[in-house]
Amino acid sequence: MSPIHVIGGGLAGSEAAWQIAQAGLDVVLHEMRPVRKTDAHQTDGLAELVCSNSFRSDDSEQNAVGLIHHELRQLGSLIMACADAHQVPAGSALAVDRDGFSDAVTKALEDHPRVTIDRQEIAGLPPADWDKVIIATGPLTSPALSQAVLEKSGEDALAFFDAIAPIVHFDSVDLSKAWFQSRYDKVGPGGTGKDYLNCPMDKDQYEAFIDALLTGDTADFKEWEGTPYFDGCLPIEVMAARGRETLRHGPMKPMGLTNAHNPDVKAYAVVQLRQDNALGTLYNMVGFQTKLKYGAQADIFRMIPGLENAQFARLGGLHRNTFLNSPKVLDGSLQLKAAPRLRFAGQITGCEGYVESASVGCLAGLFSVMEANGREIIAPPETTAMGALLGHITGGHISRDDGAGKPSSFQPMNVNFGLFPPVEAPTKDETGKRLKGKDKARAKKLAMTSRAKTDFAVWQSKLGLKKEAAE
């Protein structure tokens, strides 16, 4: 059997290669560093952490990230094993010594008898005689490979600056202040005329909001990113700086909207949120792409009536990225529909975060093994963290045509409970007292993670994959 080829030695590629090798198949891991450098990496090590050294929460009962840690560990993840072995103090989070972690991943793969590491750039599509390939080249995919993937997928854009609006958990919106209505009650494709959540502001609230935007801390672009503003998706703080009324005549215009809670009073400005996923658990803030730092975003956006207690599935951003329109071009096992020998993994698929990238790499590796062994490809249920993330990547969002020049509706995402199907959670404690507030939220999260662990164990038992011990 010919080897499976993995292009890219980051967290996703390293994990994919490990899963393949541990299942008893030969794998060639192609990493272009040090032959070709990137603007972000500092070393030649595999799985180098280019930003934070934190893998975030390790709480598998109350946090979706901690849950994905648990699932990766259940699958014998190399990334998690090396992270655990090189942990540094970080409270309830899992943080690592970045050099020790990368060195350990590199050594494990170099020492594995079924892994060959090839240090050269794969310029363009891989050779035709490579019949199984995983592309895990991350957000800094080389121009030659980006262009080749574009041509094969039929898409017209891959590498660009993504403008991401904040995404709010629906159940944290105060519906005594916000109301459902489309502008002028228009019924669009698949809509009802009540497709937006609307948060009203009076004049004083609007003026205070603008002041906060103008004084909020913003993140700088890295030197190699440039400043990619274009009028179709200006950051809201840049729009505010162009004039205090700009937002009120742009994404916050109140025209065509009547406050269902106070119909006789016309709002001075309105913030609209639009359903972001098919489950209806996530809503994005329309037109609110921003370069504000995360702390400033949370404080400023909670000034909006109805969002005082908003919980964010992700905050906004505008930065250079490279990712596929995955729901359109990939199938449920991460294969490129136009060229099934190519499977994709990691950030290029539209996930964000270290463990999210590793988990998609893990799945791509497992799917490739199932395929190579002639077995049916079984994806994890969407009730699990890995399954929920895979569902987002391959079709969990709502597809829209927003018009020429506007960003695609599909945006990268960290794993979060908003991606999971709803769950029946206890409403009372063991004494029969009704759960409220934080206790109710904790019970709901525990119900989600308990269901996920049970369903994940059932799925894993069906894989039938043997594991080899590395020498």
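I began with helix α4, residues 98-111: its 14 residues reach 20 Å from first C-alpha to last, close to the 20 Å expected at 1.5 Å a residue. The expected span is 1.5 Å times one less than the number of residues; helices are DSSP runs of H or I, at least four residues, strands are runs of E, at least two, and both are numbered from the N terminus.

A word on ground rules: this is a predicted model, where local features need pLDDT of at least 70 and side-chain atom pairs 80 or more, while totals for chains, interfaces and linings use all residues. Residues are numbered from 1 along each chain as its sequence is written, and side-chain values use heavy atoms, without hydrogens and water.

Next I looked up the N-terminal end of α4. Asp97 caps it, with a side-chain oxygen 3.1 Å from the backbone nitrogen of Asp99.

Then I checked burial (under 20% relative accessible area, 1.4 Å probe, protein chains only). In α4, Gly100, Phe101, Ser102, Val105, Thr106, Ala108 and Leu109 are buried. These buried residues pack against α1, β2, β3, α3, β5 and β6, contact being heavy atoms within 4.5 Å.

I moved on to the nonpolar cores (buried Ala, Val, Leu, Ile, Met, Phe, Trp, Tyr and Cys joined through side-chain atoms within 4.5 Å). The largest has 88 residues, and Phe101, Val105 and Leu109 of my helix are among those with the most contacts inside it. Helix α10, residues 354-372, gives this core its largest share, 12 residues. A second, separate core of 36 residues includes Val168 and Met239.

Terms used. Buried < 20%, exposed > 50% of the residue type's maximum accessible area, 1.4 Å probe, protein only. Polar contact = N/O pair within 3.5 Å; in protein donor to acceptor, adjacent residues only side chain to side chain.
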